[in-house]
Every structure is written in structure tokens, then in C-alpha cells.
Amino acid sequence: MLSFLSRMPSLHPESRLLIVWEALIVLVTLYNCFTIPFRMAFNATISDNWFSLDGLADLILIIDIFLRFHIGYMKEGEVIKDKNQISQHYRNTDFKSNVIASLPLDTLVYLFLPKASLILIGLCRIPRLLRFPQCFLIFRKWENNVYFNSAVIRMFELFFIVFLIDHWIACLWFFIGNSTGQSGESWLQSNNLHLENTTTQYLYSFYWSITTLTTIGYGDITPQNNIELIFTFVVMFVGVSLYAFVIGNVAAVISNLDANKNRFRDKLGQVQAYMWERKIPPSLQKNVLDYYQYMWEYNRDVSLDFYLLDELPNSLKTKIYCYLYQELLSKVPIFQNAEPCFIEDLVMKLKPRILPPYDYVIREDQIGHEMYFVKRGQLQAFSEKTGKVYTVMMAGSFFGEIALLYDSRRTASVKTLTYCELFVLYKEDFDKVLENYPQFSAKVKEIAQQRYQMRD
């Protein structure tokens with residue numbers, strides 16, 4: 001194992017293999033957080049199966065220590081993969097606490113003092129809980145990972161915290177009842193639970209913990225002595241804070257599950273209020289609302305946020321736009337065999353436009369100053385004079401490219417048949433880009449001339 005780890009290359013801190021391993025670390029930590037207080041409180045017998053699971057969990061934590069010397073880390077946006085720097089960084093951060101958390105003190109006590117109490121063995125395993133804060137660092141990392149839904153991660157983290165708090169309080173409640181019951185009355189004796197099996201005792205303890213923390217408190221299990229009464233006061237105060245924490249976080253997570261929907265509803269409400277105040281005719285209001293309904297159902301309102309990426313550096317913004325829209329430009333004959341830089345500059349000039357059904361895009365005999373690319377929907381090109389339908393255009397089609405180079409009149413009208421998402425390239429934007437590529441400019445004009453003559 002050590003020889004394999006020594007030859008292992010450095011891992012990227014966001015690699016999928018590491019994500020799986022970190023999920024295993026969270027699972028092991030949850031196992032320790034559950035079993036350690038449970039065994040100490042309920043004096044549960046450690047069977048061979050539990051002992052094997054403990055050994056496996058400890059082995060995973062020990063392997064993780066060695067593995068951390070080969071996991072890169074982020075520093076000021078840069079991934080550090082140099083093993084010397086990784087080693088120095090790990091030694092200065094979590095190395096000491098991870099080593100302490102992995103010391104096999106409980107195994108030594110179990111082997112050399114087989115008659116030692118389970119409380120002593122449990123105390124020897126308490127250092128394992130030093131791994132608990134690491135889980136929150138892993139959750140923060142997953143929240144920032146593009147492959148995960150951050151709202152789901154936060155919801156899981158919230159469940160993780162609430163469950164463990166309920167569990168720990170349940171264990172303390174039973175431990176107090178069991179300890180005070182040996183010298184007097186306790187909640188266990190008053191409810192005839194002191195002779196029940198461990199499962200029943202835990203379920204009742206967990207039940208009391210949940211009802212008290214959530215401030216429900218049915219009163220069927222109540223404190224019977226001063227120590228239990230004081231502990232109940234503490235848990236009730238904790239419950240008030242925890243209840244507010246849970247409600248606040250759940251509300252925040254739910255509201256952020258679909259931020260686009262909330263933003264869309266706010267916008268729609270503003271539009272409706274505007275139309276009501278100005279007494280817009282109901283039929284026109286319906287057309288407007290149908291338009292926004294389409295924007296939500298098929299586009300998640302993204303096109304209205306086309307400029308959302310303006311704060312990004314130009315290089316990143318260009319890459320995103322090229323990934324999304326470069327294919328539209330590559331189908332146009334006058335742009336074929338163009339330099340990649342030319343296409344990138346053109347992509348940045350595209351403007352989004354969404355039109356409802358039966359709306360004119362261009363009209364016959366108008367002077368054209370722009371061309372269009374169809375992202376979604378159907379459009380019909382036809383003659384206003386004769387009524388002849390020339391073609392029906394679908395996603396991936398384009399039209400009006402001659403207008404980029406010639407001040408000519410449109411030879412046909414184009415009308416939408418459905419809701420259509422288009423991108424517009426204006427002549428003035430095209431000319432600005434073309435000025436930077438004089439050699440390709442001559443080729444574009446030659447191709448355009450040929451198509452213009454074919455049209456005539």
C-alpha cells in the first residue's frame with residue numbers, strides 16, 4: 001500500500017475519484033458520530049461484526065492520511081500539484097488532528113484489557129470525532145462543484161446536523177436516566193423501560209429528544225429528578241435555537257431551489273401590475289402573458305438574462321458564447337472557412353430576440369440591415385404579392401445574410417409560425433468585425449456577390 005501511494009500521481013482536488021473518496025470519509029465519520037455515543041450511553045455489547053466495522057472505518061481514516069499527501073489544493077485560484085507543497089500544506093493544516101483521530105487506542109484497550117468497560121473503550125474512540133469538522137469542509141467543496149446541486153447538498157448537510165444532535169441528546173438522556181435510576185427514580189423506571197431491550201430504550205430516548213427539541217413535548221415522558229429536570233431545561237433552550245435554525249435554513253434552501261422561478265414570478269407580477277394600471281385590453285394582456293409563459297416553460301427565462309455574463313472576463317465570455325452559438329454561424333456559406341477569431345468576434349455581436357407566433361420578422365421590399373439565425377421554432381418565408389410559400393425554416397436555419405453586404409430590399413417576407421428564438425447580427429456590427437480581417441473580407445464579398453447574382 002505504501003509503495004503504491006508513493007508512486008501515485010497528485011490528484012486534482014475536484015476529481016471525481018476524490019469526490020467518491022470524500023463521500024466515503026463522510027460516511028465513516030457519520031458512523032463514528034453515531035456509534036461512539038450510542039455504545040457509551042447504552043453500554044452496548046461490541047460484537048465481532050461491530051469490531052470488524054470499527055477496524056474497517058479506522059483503516060479508511062488511516063489510508064486517508066497517506067492519501068492527503070497526494071491531493072492537490074487550490075491557492076488563489078491555482079491548483080497546486082507539487083508534492084512538496086502539498087505535503088507542507090497538509091502538515092500545517094489537518095495532519096496533526098487526523099493522526100490523533102486515527103490513534104487505535106480502543107483497539108489496544110480491547111486487546112490488552114478485554115474486561116475493560118465499554119465506556120472506557122468508547123472514551124478511547126472519542127478522538128475519531130475530530131474528523132467531524134472535515135465533513136463541513138467537504139460539504140462546502142461540494143456546494144461549489146458544478147456537478148452538484150448546492151441546494152440538495154445544503155439540505156443533506158442540514159439533515160446530517162439535525163439527526164446527529166437528536167441522536168447525541170437521546171444518548172445523553174438515556175445515560176442520565178440510567179445513571180440516576182440506579183440510586184432512585186428516573187424516567188426509565190417511571191415508564192417501565194429499565195428492563196426493555198436496547199432497541200426499545202433507544203427509540204423512546206430518540207422520541208423524547210425529537211419532541212423536546214422541536215418544542216412539541218407531548219408530556220408522556222417527563223423528568224423525574226433534578227438532574228433530568230436541569231437537562232430538560234438545557235435541551236429546551238437548545239431546541240428553541242435549533243428550531244429557528246432549522247426553519248430558517250429550510251426556508252432558505254427551498255427558496256433557492258429554483259431561483260429562476262422566483263425571479264420570473266417577480267417579473268411577471270410587475271408586468272401584470274403595469275398592464276392593469278394602464279388598462280391594457282384583456283386580449284393583449286393574454287398575448288403578453290402567453291409570451292412570458294413560453295419564456296418560462298421552454299427557455300427558463302434565460303434569454304432575458306443574455307447579458308448576465310457581462311461581468312466575466314472577455315475570454316471566458318467568448319468561450320461560453322462560442323460553445324452555445326458557434327454552430328449557428330458555421331452553417332452560413334459566407335462564413336465558411338473563416339478564421340476562428342473572426343467567428344469568435346461575430347458570436348459576441350449576436351443579439352437575442354424571441355417572437356410570438358404569426359409575427360413578422362422581415363417584410364418584403366423593406367431595406368435589410370441584419371441577418372437572422374433560428375435557434376428554436378418554425379418560420380415561413382413567402383411572397384406578399386403572390387402568396388407563394390418559399391420555405392419553412394426550422395432550428396439551425398438562417399436568412400437575410402445578403403443584407404450584411406448590400407443595401408438591398410428584401411425579396412420575401414418571413415413570419416413566425418410558432419414561438420421562435422432568434423439571434424440577430426446587425427450590419428454595423430458585422431462591418432466592425434470585418435474591418436479587422438481585410439483578407440477574409442475580400443473572400444466574403446466574393447461569395448456574397450455570387451449568391452446575390454444567383455438570387456437575381
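Is Phe-160 buried or exposed? Phe-160 has a relative accessible area of 3% and is therefore buried (under 20%; exposed is over 50% and partly exposed in between, with a 1.4 Å probe and protein chains only).

## Basis

This is a predicted model, in which local features need pLDDT of at least 70 and side-chain atom pairs count only at pLDDT 80 or more, while totals for chains, interfaces and linings use all residues. Residues are numbered from 1 along each chain as its sequence is written, and side-chain values use heavy atoms, with hydrogens and water left out.

## Aromatic pairs

There are 27 aromatic pairs in the structure (Phe, Tyr or Trp rings, the six-membered one for Trp, with centres within 6.5 Å). Phe-132 and Phe-160 are stacked, at 5.8 Å centre to centre and 15° between the planes (stacked is under 30 degrees, edge-to-face over 60, tilted the rest). Phe-132 lies in helix H8 (residues 132–143) and Phe-160 in helix H9 (residues 150–181), so the pair ties together parts 28 residues apart in sequence. Helices are DSSP runs of H or I with at least four residues, and strands are E runs of at least two, numbered from the N terminus. Phe-132 also counts as buried, at 17% relative accessibility.

Trp-173 and Phe-231 are stacked as well, with ring centres 6.2 Å apart and planes at 15°. Both Trp-173 and Phe-231 are buried.

## Sheet

Strands in the order S3-S10-S5-S8 form an open, antiparallel sheet of four (strands pair if DSSP finds at least two bridges between them). S3 (351–355) and S8 (398–399) are the edge strands, each pairing on one side only. Between S5 (residues 370–376) and S10 (residues 420–426) there are six bridges; Tyr-372 has Val-424 in S10 as its bridge partner.
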